[in-house]
Every structure is written in C-alpha cells, then in structure tokens.
Amino acid sequence: MRPFAAGASAYQRLPRIYWALVGLALVGIFAAPQFRTLSNLANILEQSGTLAVLALGQAFVIAGGMIDLSVGQLVGLITVVACMMFEAYPGMGFLVVVACLGLAALVGLVNGELINRLRMSPLILTFGMLSVLQGFIFMLTDRSIGEAAPFIAFLSNGRVGGIPVSLVLVALVAIGTYYALQRSIFGWHLLAMGNSAESARKAGLNLFSLTRIVFLVSGLCAGVAGLLVAGRLGTGFPNAGNGLELDAIVAVVLGGTPLKGGRVSVLGILGAVLFLGVLNNLLNLLQVPAFTQIVVKGVIVIIAILADRPGKLAQPA
Amino acid sequence: MSMALDTPRASLRLPSLDKAAVWIVLVVLLLLAGLASDAFFKINYLTNLVRQAAPVGITAVGVTFVMLLRGVDLSVGAIVSMSAVVCALVMDGKAENLWLGIAAASACGAAIGLANGLLIAHGKVSAFILTLGMSIVVYGLVQMGTGGTARGIVSPGFREVLNSRVGGVLPVLVIFLLVAMAIGIFLQSRTRFGRSVYLIGANPDAARLAGLPVNRVTVIAYVVSGFFAGLGGLALLARTGVSGTNPGAGMEFDVLAAVVLGGTTFAGGRGSVGATFAGVMVLFIALNLANVAGLPYAAQLTIKGLIIIAASAAHSWIGWRVSARTQQ
C-alpha cells in the first residue's frame, strides 16, 4: 500500500519534542542528583502511565479533527465506580474491570452517537458531557469511597525487576494506537477526515462510522486510565480526573499533532507525555514552590508550542 | 466538521432562521421556565438573572471577536481571577484608589490579551493550547501574588453602587452588561476592525491576499478579549465583594458554551455579539431552572450539561438546515 509509505516518510524524523526532552533531562542530570537514580526514572514512567493512555485515546479523536473534553471526568467516574464495585464484590475483580471498561466505552459511544445524530460540534457536546459526568460522580459520592483491588494496585504501582508494570500496559496501548492510526486503512481514512471532512465525505468515507469508532476508543482509553488512577490512589476520589482532559490535549499537541487533525504521531505523543512527566518530577526534586511550579509549567507549554510549530500555518487561529 | 449528508427539502426557505436560531431557543426555554415557575415572568427575577450573568456575559463579548476570527481564548477565566484580585489589592479598602483599581484591572486584562495576540499572530501557533498555557501562567501568577489566601479589600462604595438598582428596578450591573454589549455591537458593526474580523474569519487566505492587516486585527481581537475579561472580573468582584484566590476558575468553559450556543462556531466568520448575549441567557436560564427545581448540586451539574447539549443541538439543527440550503 503506497499511501502508508508516504504517510510514514513525513514522520521518519524524530518529533521535535524529543530535543526538548533531552534538554530537560540534561538539566535534571546536572541540577538534581536524585534525578539520575533508576528508581526515580521508574517513578516518572509510572506516574506518566495515566496521561499516556489518555493522550493516546485523545489522539484518535484529534487525528480526525475533533476533540473529546469529557475524558477527564470519565476517568473520575471510572475511578469511583471501580473502587465502589471492588469493595462491594470482592473476588469478582475481573468482572468489575470488564464492567468498568464497558461503562467507559458506552459513554464514548454515546458521545459519538450524539455527535452524529444531533450534528453537533464535538467540543460543545463533550463539554456538556463533562458536566453530565461530573454530576453522576457527585450523585454517587462527594468523598473518597471504596477500595481498589490488589491486582489493580499492582498494575499501577507494581514493579517487576525495577520496571513498572504499568509500562507494559502503556506499551501495548501505544503499539495498538500506532498500528491503528499510522499503519491501517482505518487510520488513513481518519486522517483524511481530519484533513478535510468535506472531501473525505465526497470521497465516500463513512464519517459517522469513523466518529463513532474514535469516541468509543477515547472512552475505552479513559476507562483504562481510570483503572490506573484507581490503582494509584487505592480509593475512589471524586475529583481524580479534574483537568486531565486538558493535560491529554496538551500532550497530543506538544507531540506534533495539530488540533485541526489530519496528522498524527504516536511517537511524538509519547515523547510529550514523558516531557511533561520529567518536568513535573524535576520541579519537585528542585523543591520549586507550588505556585511557581504552576507558572513554570504554563511558560513551558507556551515555549514548547512556539518551538514545535509547523513551518506554515496560513490562518490566524 | 460538516455532516450535511441528507439533501435538504427544496421548500425550506429560511435564510434568516440561522441568525434567529438562538433567540428562538431562548424564547422557548424562557416559556418552558415560566411553565415550571412563574418567577421567570417577574421583572425582579429576570433582572436578577441578567445581573447574575453579568461577569460571564461581559467576558463573552470579547471572546466572540476571537471566535469570529477562528481563534479561541481559554485564558479568560484566569484573567477574570487576575482582574478581581488586582483590583481588590490596588483598592486596598481606600476610596481614593477606586478608579486606580478599576484601571489597573482593565489594563492587566488588556496586557494579557496583548501577549496572547502577539504570540498567536506572529508565532502562528494553536490558539487553543497557547491560551491554555497562558491561563496556567496567569493562574500561577495570581496565586503567587496572593500567597494562596484572599487578600485586598474593595473601595467603599464600589460594591454598593454596582449592586444597587436604578429606580429600584434596574440593577447597575445589568446596565454595565448592556453597555459592554453595546460597545461590542458597535465594534462589530460600525468599525473597520469589526468588518475585518468577519472577513478574516470567513476566509483568512482571501483576506490576506486582499491586503487586510490580518496580524494586526488578530492582536486587537485578543486585546479586546482580554480587556472585556478584565471588566468581567470587575463585575465578579462587585458581586462577591471579596477577591478570593481564583474566583474565575472554570469560567472560560461557561463563556465558551455561551458563545457557541449563540452560534459563533469554531469555524469563524459567523455569529455576533447580540447572539452571544442570547447564548449567555440560555445558559443562565438553564442553570436557574435546575436551581428552581430544588435539585441537589450533583443533579444540577448533570442537567446543566444536558441542557447545553439540547439547546446547542436545537441551534445547530436549524443552522444546519439553513446552511445546507444556502450551499446548494
């Protein structure tokens, strides 16, 4: 299939975010002695797991020129529901996991279906869904509730030979995403839709079906991320997902995927997630005051996006 | 994303319905609200509703211009916070600092808007992410400035005047909102800037080729957005009386929802300040309906979301029929 080769060659060079990552890592190596330790590196990888899965799910939606703002609260909902169910039905952990992933996929499917049927802007629909899901969470509980099953905690926090278990999960999701978006007919169609929905429709692509699939995947990834958060926290914290949707979008864009869609780089997204993880870790190691950390993170997002911008972008937006 | 798959019926001749859509939604929602509680037909309640909407409404005026340009401004929530905090700090409870505080707050808003505009126009970066980053920076600066606790006291008279009612009926904050709207409508329809915004939003490439100063108009639009967010912060400060540490948290989403409900979509070039006002009112009637129904906070959040989806769907359905028709 020639088209795929063409799509790949544009991304054979390393995404630019890796240079920023290398620069940041050099700063860390010289400025903070603890940064170099293997356990700290494993820490960074472990802490980045949730964001990586969430950003990879968001990549599907953004590649098609859409956006999913509901994933943050969906992570919160799954965290709460999972912990409640783990506590209520001990010994049925596997079924609980299946049920949670099913619930997350269902929310994603509802998003996609509503966007198709109501012909709504994905941004406003998923923004509404954000509020709906937040309501669901607070109807269930207004404080931390339930307890995560040991095997979920192991998935999030466990290490085998010093390597975080969650890394394996992230790797699986990343490989799956890479093949789906950058090596399959589905991905080719999705990027065509992101480039120009109108042309893709005229070329005979089923935009409804593509929309349904990407929101389903985004929901499913939020479900996986929710289970990881449940394992990390050990309990169902209702605000666990607040703002995660924006972190995920920032990671996708820093990774070189434009918000208007049509291009995607899984490698870039992983680099961006690592970059954000290393940044967080360094700021903590250097004992930067909390409020200053916020400013630094914002400035880094701005600098990174200015440095990573594509050469030509013929619109004021 | 255009999804006009079906062929529209040829008999549909509603070219103006596109612009009227949000007003229809507003009237229908108001009638429904009136059925639920006759309070919605009382003048005091209605003026109170508008008063409550003033901070979001004033901020939405500026964001409308940015959205018309195919941009977006997610930093307005943080600017509202900054404006309220800066105003209270500068006023320091002294009457002579009243105007100084107001000027400082507006200037802060415009300055952040200028930074947004310059970076977006000359950096050619995604406005979504840039203003998101800016909102994080501004939020952090506000937290550093306050040290994480509510500081600053408003000047005597500031709250009292802005919360009073002219003739015992019309709240001053409502007049504030209406004046902001009027300035916005003037900018939009009576100035070269306003016309340029529509042209650039409709087709940036064509506007550039036609020799319009795209970069300058973009910068001005973001300055306008920041300035109105600064005014929105003043309105919020007047309502609450204390600056808090992050009073504008999450307001960018309310503003965005209101602007999009009003029909100013992310595609740019279409929409208006007047329609944004209708969008703001739709949002706040929806929130009030949930309140009036005596629902717990959690259920209100869910219903708020559902109403945003339903109202927006109704609007885009009408808009879709019309645009499908006009594109034939």
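**Core, helices and one partly exposed methionine**

Tutor: In this predicted model, the largest nonpolar core has 223 residues, and A:Leu54, A:Ala55, A:Ala59, A:Ala251 and B:Val282 touch the most other members. Helix α10 (residues 214-240) of chain B gives the most to this core, with 17 residues.

Student: What does A:Ala251 touch, not counting residues up to four places away in sequence?

Tutor: A:Ala251 touches A:Leu51, A:Ala55, A:Ile269, A:Ala272, A:Val273 and A:Leu276. Each contact rests on C-beta atoms within 7 Å.

Student: Why is A:Met139 called partly exposed?

Tutor: A:Met139 has 14 other C-beta atoms within 10 Å. Buried needs 20 or more, and exposed means 12 or fewer. The count of 14 lies in between, so A:Met139 is partly exposed.

Student: Where is A:Met139 found, and what does A:Met139 touch?

Tutor: A:Met139 is in helix α6 (residues 122-140) of chain A. Its contacts are B:Ala298 and B:Ala299, leaving out residues up to four places away in sequence. The C-alpha atoms of A:Met139 and A:Gly243 are separated by 20 Å.

Student: Which residues of helix α9 of chain A are buried, and what do they pack against?

Tutor: In α9 (residues 185-195), the buried residues are A:Gly187, A:Leu190, A:Leu191, A:Ala192, A:Met193 and A:Gly194. They pack against α3 (38-63), α8 (165-182), α10 (197-202) and α11 (207-233) of chain A.

Student: Which residues of chain A does the UniProt annotation "transmembrane region" cover?

Tutor: The unreviewed UniProt entry lists several spans, including 17-39 and 264-283. Residues 17-39 of chain A are 74% helix and 0% strand, with end C-alpha atoms 24 Å apart. Residues 264-283 of chain A are 90% helix and 0% strand, with end C-alpha atoms 29 Å apart.

Key. Residues numbered from 1 in each chain as written. Chains lettered and ligands numbered in written order. Predicted model: local features only at pLDDT ≥ 70, side-chain atom pairs only at ≥ 80, totals over all residues. Core = buried A, V, L, I, M, F, W, Y, C linked by C-beta atoms within 7 Å. Helix = DSSP H or I, 4+ residues; strand = E, 2+ residues; numbered from the N terminus. Contact = placed C-beta atoms within 7 Å. UniProt positions renumbered as here; feature names shortened; annotations may be inferred.
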